[in-house]
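Please read the points below with the sequence and the model open. They cover contacts, cores and charged pairs, in that order.

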Amino acid sequence: MREGIDPSAPPSGTGCKECLASDSGWWVHLRRCAQCGHIGCCDSSPSQHATRHFQETGHPVIQSFEPGEDWFFDYTSKRAFAGPDLAPPHARPSDQPVPAPADRLPPDWMDQVR
């Protein structure tokens, strides 16, 4: 098994953990830490919590947490790769809007997407 991947670690939820913990956080797409299951927002999102999680923990591998996507990315090598099946669920709910949560989006949200 590749270092930085624990297939048995369940996702921390169905949305960005830190954004949901705040009163105003929102995200564009979600990424899952392949080592501990932390769900964070992508680098197009204002807060970039998935990358921050890597920087704070050293957990090097993420997987997309978007429906229909199964790619992995290693922050240390900066390479995408195919990886193993992780514990379910494998993606956010398909009826969850993008970006989300819809009730937190500022009027200028499109200007804030990177």
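1. Contact here means heavy atoms within 4.5 Å. Leaving aside residues up to four places away in sequence, F65 touches P11, G13, T14, L30, R31, R32, I39, P89, H90, A91 and R92.

2. This is a predicted model: local features need pLDDT of at least 70, side-chain atom pairs count only at pLDDT 80 or more, and totals for chains, interfaces and linings use all residues. Residues are numbered from 1 along each chain as its sequence is written, and side-chain values use heavy atoms, with hydrogens and water left out.

3. A nonpolar core is a set of buried Ala, Val, Leu, Ile, Met, Phe, Trp, Tyr and Cys residues joined through side-chain atoms within 4.5 Å. Buried means under 20% relative accessible area, exposed over 50%, and partly exposed in between (1.4 Å probe, protein chains only). The largest such core has eight residues: C16, C19, W27, L30, I39, C41, F65 and A100. Another core, of six residues, lies apart from it and includes I5, A34, V61 and L86.

4. How many salt bridges are there? The count is two, where a salt bridge is a side-chain nitrogen of Lys or Arg within 4 Å of a carboxyl oxygen of Asp or Glu.

5. D74 is buried, at a relative accessible area of 7%, whereas R2 is partly exposed, at 36%.

6. E66 forms a salt bridge with R92, and here the closest N and O atoms are 2.7 Å apart. Both E66 and R92 are buried.
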